[in-house]
Amino acid sequence: MTESEFTRRVNSILAKTHGVYCEKMFNPMRGGTPDCWYSLKGHPDIWVEFKYLKSLPVRGRDVGCSELQKRWLIGRREEGRKVFVLVATPEGAVLYPVAFLETTGWKCYSQDFSCGKNVSQIAVLKILEHLIA
């Protein structure tokens, strides 16, 4: 599965099953914008950058955000927005708050992942948990 296929699958579940408004971002004029913006009536919106890896990281591994993405995410966090990086593999997924990634040097670790057969559903639950918090 590719990152774009995974993102489409997660967004479809969020929209159809949970009524979440999902907007896939693409900004050819300015780099760094996260992959998706989510909103749900009565809750603060969130921004999520998706990263799909081939396997769980053995040791701390860079999540794969470009410098432009890091600057955008940190800038919005500093404005008080809810910003995350969702790292997924065929085995599991984890949704990192950007503030946490700043403390780890933008690394992900296998022990942070929730694992299971339906990785898309794991990702959906992680996003919903932070969207309605």
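## Helix α2 and its cover

The buried residues of α2 are covered by elements that include β3 (43-52), β4 (61-62), β5 (82-88) and α3 (98-104). Contact here means heavy atoms within 4.5 Å. Helices (H or I, at least four residues) and strands (E, at least two) are DSSP runs, numbered from the N terminus. This is a predicted model: local features need pLDDT of at least 70, side-chain atom pairs count only at pLDDT 80 or more, and totals for chains, interfaces and linings use all residues. Residues are numbered from 1 along each chain as its sequence is written, and side-chain values use heavy atoms, with hydrogens and water left out.

The buried residues of α2 are Gln69, Lys70, Trp72, Leu73, Gly75 and Arg76. Buried means under 20% relative accessible area, exposed over 50%, partly exposed in between (1.4 Å probe, protein chains only). Helix α2 runs over residues 67-78. At 1.5 Å a residue, its 12 residues should span 16 Å, and the end C-alpha atoms are 16 Å apart, which agrees. The expected span is 1.5 Å times one less than the number of residues. Gly80 follows α2, with a positive phi near 95 degrees.

## Two nonpolar cores

A nonpolar core is a set of buried Ala, Val, Leu, Ile, Met, Phe, Trp, Tyr and Cys residues joined through side-chain atoms within 4.5 Å. The largest core has 25 residues. Phe6, Leu14, Tyr38, Phe50, Leu86 and Ile127 touch the most other members. At least two residues each come from α1 (3-18), β2 (36-40), β3, β5, β6 (92-97) and α4 (119-131). Helix α4 gives the most, with 7 residues. A second, separate core of 17 residues includes Val63, Val87, Val94 and Tyr96.

Not counting residues up to four places away in sequence, Tyr38 touches Asn11, Leu14, Val20, Tyr21, Cys22, Asp45, Ile46, Val48, Phe50, Ile127 and Leu131. Asn11 sits in helix α1. Asn11 is buried, with a relative accessible area of 11%.

## Helix α4

In α4, the buried residues are Val119, Ser120, Ile122, Ala123, Val124, Ile127, Leu128 and Leu131. Their cover includes α1, β2, β3, β5, β6 and β8. The 13 residues of α4 should span 18 Å at 1.5 Å a residue; the end C-alpha atoms are 18 Å apart, which agrees. An α-helix has 3.6 residues a turn, so residues three or four places apart point the same way.

Glu129 is also in α4. Glu129 is partly exposed, with a relative accessible area of 47%. Glu129 and Leu95 are 34 residues apart in sequence and 9.9 Å apart in space, C-alpha to C-alpha.

## Aromatic rings

The whole structure holds 6 aromatic pairs. Rings of Phe, Tyr and Trp (its six-membered ring) pair if their centres lie within 6.5 Å; planes under 30 degrees apart count as stacked, over 60 as edge-to-face and the rest as tilted. Phe6 and Tyr52 have ring centres 5.3 Å apart and planes at 40 degrees, so this pair is tilted. The pair links distant parts of the chain, 46 residues apart: Phe6 is in helix α1, Tyr52 in strand β3. Both Phe6 and Tyr52 are buried.

Tyr21, Trp37, Trp47 and Trp72 form one aromatic cluster. The charged end of Arg76 sits over the ring of Trp72, 5.0 Å from its centre. A charge sits over a ring if NZ of Lys or CZ of Arg is within 6 Å of the ring centre and within 35 degrees of the ring normal.

## Cysteines

There are 0 disulfides. Cys22 is in no disulfide; the nearest cysteine sulfur, that of Cys36, is 7.0 Å away. A disulfide is a pair of cysteine sulfur atoms within 2.5 Å. Cys108 has its closest cysteine sulfur in Cys65, at 9.9 Å, too far for a bond. Cys108 is buried, with a relative accessible area of 0%.

## Loops

Trp106 lies in the loop between α3 and β7. Trp106 is not a glycine, yet its phi is positive, about 65 degrees. Most residues other than glycine have a negative phi. Trp106 is buried, with a relative accessible area of 7%.

Gln111 lies in the loop between β7 (107-108) and β8 (114-115). Gln111 counts as exposed, at 62% relative accessibility. Gln111 and Thr17 are 94 residues apart along the chain, and their C-alpha atoms are separated by 29 Å.
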